[in-house]
Amino acid sequence: MAWNVFKFCTALRALGSIMIALVLGIIGVTYYVIVVANYGPALFHGGLDSFVALLVLVLFHSLLVMLLWSYFTTVLTDPGGVPPNWRPSIDEESGDADPLVGLAHEGTGLDLNQSAMLGEPANPRTRACRKCNWFKPPRCHHCSVCGRCILKMDHHCVWVVNCVGALNYKYFLLFLFYTFLVTTLVTLSLLPQFLAFFTVGEKNGTPETLVATFVTFVLNLSFALSIMGFLIMHISLVLGNTTTIEAFEKKSNPKWHYDLGRRKNFEQVFGTDKRYWFIPAYSEEDLECMPVLQGFEYPTRPDLDELQQF
């Protein structure tokens, strides 16, 4: 009997609230160690110590605001679901009126016996979800944790208690980016205190503060190293106009037909307005393009010689 990993999906949904509390807990401990225990008091030491403390505190608070903004935007933004009763209007292979529209029954979805033909090689782009029992747009995948199909799904992330899909992928990447910057800053800022643990002499601070500083350094160093690899992976996916799920499909299809060149691939996720690239929001002009760029219709690859690269 096959082992069904999806039986744990309900547990993953329940775990989500705990993960938000864990994220906020780690941020709270880090804030205490940086601001209250170390660099806050250093503001009153005078000289170079005060200048360094001011610089660290300004950078830390600025990056922390961006981290929290990106995080809660990712958590609260719908990743993009399939509208009720959506169906393909044309046959993408032939360009004719879609002959499969007649397969749908009013209010009951697809006849699964008939919809089996949707997976035939003759019509590979017209698909149906056997769990949602309805048509599935291109680049759409079913999430067993959320219990629905997600547009341009990348993965379900327990840290953000949400799927990462078409409409919140930018916010997720910015969350990774600012988390990497914050954890790197904290690691470098606490490095002198960490090294002081292994030197002979009197230690500054209470035992509780010293333990909190040690744990915070180790945690932030671990997160910085792991997120760096994760961030590099996602940057390569963005520049190739693919997702984590599609990366496995792409192995058998080296000429990925959604690859429009690095710049256009980047703009599909982050928008065309450079002023909004590093904040979890889109300009009004980019929002008008969102249904095309990140909805059901995706531009396909032109001739290789005409691709615009960075």
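**Figure 1. Aromatic pairs in the predicted model.** A search of the whole structure, which is a predicted model, finds 15 aromatic pairs. One of these is formed by Tyr71 and Phe72, an edge-to-face pair with 5.2 Å from centre to centre and 75 degrees between the planes. Tyr71 is buried, with a relative accessible area of 0%, whereas Phe72, at 32% relative accessibility, counts as partly exposed. A tilted pair is made by Phe177 and Phe278, whose ring centres are 5.9 Å apart and whose planes stand at 40 degrees. Because Phe177 lies in helix 4 (residues 169-196) and Phe278 in the loop between helix 7 (262-270) and helix 8 (284-293), this pair ties together parts that are 101 residues apart in sequence. Phe177 is partly exposed, with a relative accessible area of 26%, and Phe278 is also partly exposed, with a value of 47%.

**Figure 2. An aromatic cluster and a nonpolar surface patch.** Phe194, Phe197, Phe198, Phe214 and Phe217 form one aromatic cluster. Phe198 and Phe214 also belong to a nonpolar surface patch of about 510 Å², which is made by these two residues together with Val211, Val215, Val218 and Leu219.

**Figure 3. Helical segments annotated as transmembrane.** An unreviewed UniProt entry lists residues 12-39, 51-72, 171-191 and 211-232 under "transmembrane region". Over residues 51-72 the chain of the model is 100% helix and 0% strand, with the end C-alpha atoms 32 Å apart. Residues 171-191 are likewise 100% helix and 0% strand, and here the end C-alpha atoms are 30 Å apart. A contact can be viewed between Val56 and Leu185, which are 129 residues apart in sequence and 8.0 Å apart in space, C-alpha to C-alpha. Val56 has its place in helix 2 (residues 47-76) and, at 10% relative accessibility, counts as buried.

Figure 4. Strand 5 (residues 140-143) and strand 6 (residues 148-151) run antiparallel and are joined by four bridges. Cys140 has Leu151 of strand 6 as its bridge partner, while Cys143 stands opposite Arg148 in strand 6. The two strands form a hairpin with four residues between them, and Gly147 in the turn has a positive phi of about 75 degrees. Arg148 also forms a salt bridge with Asp78, the closest N and O atoms being 3.2 Å apart. This pair links distant parts of the chain, since Asp78 is in the loop between helix 2 and strand 1 (104-105) and Arg148 is in strand 6, 70 residues apart. Asp78 is partly exposed, with a relative accessible area of 41%, and Arg148 is partly exposed as well, with a value of 28%.

Figure 5. The side chains of Arg139 and Glu246 meet in a salt bridge with an N to O distance of 2.8 Å. Because Arg139 lies in the loop between strand 4 and strand 5 and Glu246 in helix 6 (residues 244-250), the pair ties together parts that are 107 residues apart in sequence. Both Arg139 and Glu246 are buried, and the relative accessibility of Arg139 is 5%. Most residues other than glycine have a negative phi. Arg139, however, has a positive phi near 60 degrees, and Asn133 likewise has a positive phi near 60 degrees. Asn133 is placed in the loop between strand 3 (127-129) and strand 4 (134-136).

**Figure 6. Helix 7 and the residue that follows this helix.** Among the four salt bridges found in the whole structure is that of Arg263 and Glu267, whose side chains meet at 3.3 Å, N to O. Arg263 and Glu267 both lie in helix 7, four residues apart, about one turn of the helix. In an α-helix there are 3.6 residues a turn, so residues three or four places apart point the same way. Arg263, at 25% relative accessibility, counts as partly exposed, whereas Glu267, at 16%, counts as buried. Further buried residues of helix 7 include Asn265, Phe266, Gln268, Val269 and Phe270. Helix 7 is followed by Gly271, which has a positive phi near 90 degrees.

Conventions:
Residues are numbered from 1 along each chain as its sequence is written. This is a predicted model: local features need pLDDT of at least 70, side-chain atom pairs count only at pLDDT 80 or more; totals for chains, interfaces and linings use all residues. Side-chain values use heavy atoms; hydrogens and water are left out. Patches are made of residues with over 30% relative accessible area and no salt bridge: like charges are joined within 9 Å, nonpolar side chains (Val, Leu, Ile, Met, Phe, Trp, Tyr) within 5 Å. Accessible areas come from the Shrake-Rupley method with a 1.4 Å probe; for residues, only the protein chains shown count as cover. UniProt positions are given in the numbering used here, feature names are shortened, and annotations may be inferred rather than shown by experiment. Two strands pair if DSSP finds at least two bridges between them. Buried means under 20% relative accessible area, exposed over 50%, partly exposed in between (1.4 Å probe, protein chains only). Rings of Phe, Tyr and Trp (its six-membered ring) pair if their centres lie within 6.5 Å; planes under 30 degrees apart count as stacked, over 60 as edge-to-face and the rest as tilted.
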